[in-house]
There are 2 protein chains.
Amino acid sequence: MSEQREITVQLIHEIGVQIGRKDTAKLQDLIDDLHVADIAEILEELSTTDAQFLYQFIAEEKSAEILVELDDDLREDLLADLTAKEIAEEVIDNLETDDAADVIGELSEEKQEEVLSLIEDKDHANDISDLLTYPEDTAGGLMAKELIKVNENWNTLQCLREMRKQAEHVKQVHTIYVVDNDDVLLGSMSLSGLLLTETNTPIKEIIKTEIISVKATEDDKDVANIMNKYDLIVLPVVDDMNRLIGRITIDDVMDVAKEEAEKDYQLASGISEDVESSDTIWELTRARLPWLLIGLLGGLLGAIVIDKFNIFEINYQLAFFIPLIAAMGGNVGVQSAAIVVQGLANDSLKMDNISQKLLKELGVGLLNGIICSLIILAAAFALGYGDLSLAVSISLLAVIVFAALFGTFVPLTLKKYKIDPALATGPFITTVNDVLGLFIYFLIGQAIL
Amino acid sequence: MSEQREITVQLIHEIGVQIGRKDTAKLQDLIDDLHVADIAEILEELSTTDAQFLYQFIAEEKSAEILVELDDDLREDLLADLTAKEIAEEVIDNLETDDAADVIGELSEEKQEEVLSLIEDKDHANDISDLLTYPEDTAGGLMAKELIKVNENWNTLQCLREMRKQAEHVKQVHTIYVVDNDDVLLGSMSLSGLLLTETNTPIKEIIKTEIISVKATEDDKDVANIMNKYDLIVLPVVDDMNRLIGRITIDDVMDVAKEEAEKDYQLASGISEDVESSDTIWELTRARLPWLLIGLLGGLLGAIVIDKFNIFEINYQLAFFIPLIAAMGGNVGVQSAAIVVQGLANDSLKMDNISQKLLKELGVGLLNGIICSLIILAAAFALGYGDLSLAVSISLLAVIVFAALFGTFVPLTLKKYKIDPALATGPFITTVNDVLGLFIYFLIGQAIL
């Protein structure tokens, strides 16, 4: 039994050394029985030149699948080394249609046509070229053409015979789809159901007609939500006439759901592009700079607000609690927005009732606000800030309630106008709450002191 | 073909009205052909009493599966209405072992034993009671006992016969496992492979020995990472002697990966418990208060720092840029920590080389810091702040570099001591960076002005 091997820093170092020595025998030895996903991981850790060198020595049946597992950048580099003929015969021929379309989709239009024309199996080429017409972030962009379908009028024996024919092109059979003469999806059968039935049973008798399907135009995040909600491992895709045109397996959408949650997290942390700690310093800087610039602008606005309010003529001690007010406004806003964004992402939050959500958030804000402002009232009083304590306490309550409402309102509004609500959680809410919080604070301070 | 029906606010309202009228016929009509996941969604939207009323009218074969789909709280409420005999006969009997163990696991120990003793199928009861011994967050806690296994010494005909026997208990067959006489896992066969082979082929000839498995003690997040990395739909679980004891399907870990990303996101947003926007005001407040209290403490410390530094004797205008310095320190720290936390969660970040990570983060911090401080130098100078501009600019650079290093260092250190690194992204980093940022700012201000 071969098991996944831990990709250690030692192994990667060893491979690097052998690449330096151009010791191809040793290299073969080192990577020979590794899983494609592990080899991909190793390639990612090497320099591009080293990766290109190593990639040449990988057996054809593995090399195509490795390409699929790689990050876009490295895949592009490796593909650039190959001619259209090599791509068609060594890569595309060994891939299922969905992966093939993903690889071809990254080539220039010119090269795409060249590769497609060089694929020997014309059906395969047609399927791939069909898949290329769907946008990447739709069900059509996720689906593969490989599936087993049988006609409702057959019996189990005919099914088995036909399936043997179709199964040549299908690596793994999850479900058998049943269609009518026009290819309209009627239902499904499980392979085990077929195995356990007499061979001349009509399909109509064992078909499961309760089947969930999606249109090819469905958004990929909705596809992920549907598969997750209904615990589906494979989901059939139909066209507008309900004709079966493909299927999506769960491993393809697992990434969608996870990437979505990760993207929301990155946005909330002020990271504007999808980056990893292994990216270059420049990539990491570029992903982080936009939020910092917005924060910078907010900080400048804050400076102007403090300057213009002339707080030092009211009570210079007002300045002491500037960090508190600014931080709390930001914190509360981020919390409120995060709850809305996750609710929207999971489809558990319905958009029908914005005013009800705001009312509830008002409750949460008031409760949090009252607790926090009572604590700060006592603390500031104990520290000897006298009247100022009252001003800080009232301001804090006002800022928390405002920030909670604002943090809820903004992502809901963005969603309404079809803008990604997660954009609101990072820079925007924090910065606006910082500045407006100061404004509220000084207004109240002015009134009380 | 029945399709998933959109659960609209109207439908939920209509159901609420019919529950009020106790019109059971209408209720049956409304929910009759809904998928269990949809009925679960509706139950979640109703009040507990309404949900309990509606639950009685759901057909037995659906009601068990609905329980599995529900949130813990509501499931507990509905189970409380059932006797141990009803749970054993109506619920557990209709569930696969993993779901059955999840349901039973939530009962009191006393009731657990009672229910287990009342299950008629003793094998089923033994399997469940075995699963209950594994911690929830391990491979053992995720796995189910239902699987198809065949002996390496059989031929395909014997396989088919044996599978027909085993398949009674297995709803969906994904993979057929091959074991030796001691139940040690040797490899797998696909169902389609079996269908396409002559009936007297020895199993040994068609077995795929490259199989990835996990030990029952493996952490659930690692299980999710393995299934995701190797694109597995089902993963066999073995004991310490490599004997096959269960299998995990991807729909069970899809939630793990997603929940992990969501939990990290919630922690980063300052939410300490898993909450949803549909939770009560009190639950939402309780989840959010801890961060706010830490923020409050940070704000108070900030006030003391400003007070003690006597900045008004240095240059009262120093106060203008307090929000800027505090916000930027917090922002940079959150960014750095988020990248580390995601890298650790995805297993893409190796722990071997902390100093190298810190060096890179120093580069990112310097680059971001220099850009930001040049901008602020120009802006503050243009706004007429003279010498102060230089103090702010230098401080900002120092704060950004410090925050970047600190934001990287803390989660790596937490991970090293086996504490969840995501804890660092929310309250801790922001607050510490806020306060230390002010400290650095005033020190530099003191030196320059």
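**Helix packing and the two-fold pair**

Mentor: Helix H16 (residues 250–268) of chain A and helix H19 (residues 322–345) of chain A have axes that come within 11 Å and cross at roughly 160 degrees. The axes are lines fitted to C-alpha atoms, for helices over the stretch in contact, and angles run from 0 to 180 degrees between N-to-C directions. This is a predicted model, in which local features need pLDDT of at least 70 and side-chain atom pairs count only at pLDDT 80 or more, while totals for chains, interfaces and linings use all residues. Residues are numbered from 1 along each chain as its sequence is written, and chains are lettered from A and ligands numbered from 1 in the order in which they are written.

Trainee: Why are H16(A) and H19(A) called roughly antiparallel to each other?

Mentor: Angles under 35 degrees count as roughly parallel, over 145 as roughly antiparallel, 65 to 115 as roughly perpendicular and the rest as oblique. The crossing is at roughly 160 degrees, and H16(A) and H19(A) are therefore roughly antiparallel. H16(A) passes H19(A) in a right-handed crossing (left-handed if the near helix is turned anticlockwise from the far one by less than a right angle, right-handed if clockwise).

Trainee: Which residues make the contact of H16(A) and H19(A)?

Mentor: With contact meaning that C-beta atoms, placed from the backbone, lie within 7 Å, H16(A) supplies Glu260(A), Ala261(A), Asp264(A) and Ala268(A), and H19(A) supplies Val334(A), Ala338(A), Val341(A) and Ala345(A). By class, this contact has 6 nonpolar, no polar and 2 charged residues, where Ala, Val, Leu, Ile, Met, Phe, Trp, Tyr, Cys and Pro count as nonpolar, Asp, Glu, Lys and Arg as charged, and the others, Gly among them, as polar.

Trainee: What makes H19(A) and H17(B) roughly antiparallel?

Mentor: The axes of H19(A) and helix H17 (residues 281–309) of chain B cross at roughly 165 degrees and come within 8 Å, and the two helices are therefore roughly antiparallel. Here too the crossing, of H19(A) past H17(B), is right-handed. Residues of H19(A) that meet H17(B) include Leu324(A), Met328(A) and Gln335(A), and among their partners in H17(B) are Trp291(B), Gly295(B) and Gly299(B). This contact has 9 nonpolar, 6 polar and 1 charged residues.

Trainee: How do you know that chains A and B have the relation of a two-fold axis?

Mentor: A rotation of 180 degrees with 0.1 Å of shift along its axis superposes chain A on chain B, with an RMSD of 0.1 Å (least squares on the C-alpha atoms of residues with pLDDT of at least 70 in both), and that is the relation of a two-fold axis. Tyr265(A) has the C-alpha of chain A nearest the axis, 2.4 Å from it. The same surface serves both copies, since 100% of the contact residues of chain A recur in chain B.

Trainee: How many residues does the contact take from chain A and from chain B?

Mentor: It takes 103 residues from each of chain A and chain B. On the side of chain A, helix H17 (residues 281–309) gives the most, with 16 residues.

Trainee: Why is chain A called more spread out than a compact globule?

Mentor: The radius of gyration, taken over C-alpha atoms, is set against a globule rule of 2.2 Å times the number of residues to the power 0.38. Chain A has a radius of gyration of 29 Å, well over the 22 Å that the rule gives for 449 residues, so chain A is more spread out than a compact globule.

Methods. Contact = placed C-beta atoms within 7 Å. Helix = DSSP H or I, 4+ residues; strand = E, 2+ residues; numbered from the N terminus.
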